[in-house]
Amino acid sequence: MSKKQQTDSALHKNTSGGKSTSLDANAAEYIKQQRLKQPEAEILIQEIRKGNQVALSRAITFVESTSSKHSEIAQKIIEGCLPFANQSVRIGITGVPGVGKSTFIESFGKLLLAKGKKVAVLTVDPSSSVSGGSILGDKTRMEELVKEENAFIRPSASGKSLGGVARKTRESIILCEAAGFDVILIETVGVGQSETAVHSMTDFFLLLKLAGAGDELQGIKRGIMEMADVIVINKADGENTKAAQQAKVEFQRALHLFPSKESNWTPKTATCSAINNEGIEAIWEIVQGYIKLTKENGFFEHERIEQNKFWLHQTIEEQLKTDFYNHPDIKTELPKLLKALEKHKTTPFEAANKLFKLFSKK
Ligand SMILES: Nc1nc2c(ncn2[C@@H]2O[C@H](COP(=O)(O)OP(=O)(O)OP(=O)(O)O)[C@@H](O)[C@H]2O)c(=O)[nH]1
Ligand SMILES: [Mg+2]
């Protein structure tokens, strides 16, 4: 650097108190980072509010990032967006692989766009890896929706824990709502606990089924059927039409056996052909009927508050667990206690007690 430049910088410093070459390099870097950070969140909030999808995508990338620097920015963005959130209908869509979830969303989404809605599609799929998995497939299956200006499709965050993936999706809902999306569709694969997670972040739960998959009526998926606000038999076309109608009647009968819902809503059944765009409008009418009823009887608002409470507890539990297992004393003591357990020198409760004492010592 020339002498003249140095003088200029010094002068600049003296007059404005701004950046100077004489400042310690670390401090300068810190300031730069702060400056970069502040506007970044603010600019993104402004752009999201305008419905800018590039900004929305970028903000979701911050939400999904595991870096603590990014999380800080993400929290700022979420806080900034929160006052503009909540104005949407959140619909969870589930069903076994191949039932036609993506095809249904393409068809349903297009119908909503035709009605002047803005539609965001998010997914909760803890099994999806960074490399893609079902994500790429989904984007190609929703190839028309993806091109639409008023549609936004964002594949699942990747991550090992369902809790983590679900939290990110929940935060993305807030950002999508602030961007003006008024229907949020959340697809999840019919595996494990992901339906429960999606159920606890949506207003309406749609279960897609196929005719002839009768074994599911009796057993393992009972819990999911119980969560459903509508059961839709998809692929009601061609030779399958009659069987689909029959399945609809059977499901309707089965639904009567479940206890009535806190929402006062009687779960409905329907058939559709997602691929032929048949029966889709009737499903939107069912959703609207549900929204009307639950907004009138107060359940809609009540349930969103309950969901927020649930997620507060979930977040605390996740954080406590992470802190616990990352605690240096736990890291050294836990393996020793596990060994002691093998040799019957301690009990699970005694060992857990010891660990908790260590954890809460600090
Ligand atoms: N006949 C018929 N086929 C359909 C219908 N809907 C979807 N399909 C077909 O079923 C297959 C699976 O559809 P997807 O929409 O990919 O199903 P999905 O539930 O999203 O599947 P995963 O993402 O793998 O869980 C595709 O070959 C679709 O073309 C329908 O209404 N009728
Ligand atoms: Mg799919």
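Okay, a definition to start: helices (H or I, at least four residues) and strands (E, at least two) are DSSP runs, numbered from the N terminus. Keep in mind that this is a predicted model, where local features need pLDDT of at least 70, side-chain atom pairs count only at pLDDT 80 or more, and totals for chains, interfaces and linings use all residues. On labels, residues are numbered from 1 along each chain as its sequence is written, while chains are lettered from A and ligands numbered from 1 in the order in which they are written.

So, helix α13, residues 280–296.

Which residues of α13 are buried? Those are I280, I283, V287, Y290 and T294. Buried here means 20 or more other C-beta atoms within 10 Å of the residue's own, exposed means 12 or fewer, partly exposed is in between, and C-beta atoms are placed from the backbone. Look down the axis of α13 and the buried ones fall within an arc of 75°, so they line one face of the helix; the arc is taken over directions from the helix axis to the C-beta atoms. Over on the other side, E285, Q288, K292 and E296 are exposed. The buried set packs against β1 (89–95), α5, β5, β6, β7 and α14, with contact meaning C-beta atoms, placed from the backbone, within 7 Å.

Next up, strand β4, residues 183–189. Seven of its seven residues are buried. In a regular strand, side chains alternate between the two faces of the sheet. For β4, V183, L185, E187 and V189 are buried on one side, and I184, I186 and T188 on the other.

And its neighbours? Strands pair if DSSP finds at least two bridges between them. β1 pairs with β4 in the parallel sense over seven bridges, and T94 has T188 as its bridge partner. β2 (119–124) also runs parallel to β4, joined by six bridges, with T123 opposite E187.

Last, ligand 1. There are 17 residues around it, and P97, G100, K101, S102 and T103 come nearest; near means a C-beta atom, placed from the backbone, within 6 Å. α5 (101–114) and α6 (134–141) are the elements giving two or more residues to that shell, and α5 has the largest share, three residues.

Notes:
Contact = placed C-beta atoms within 7 Å.
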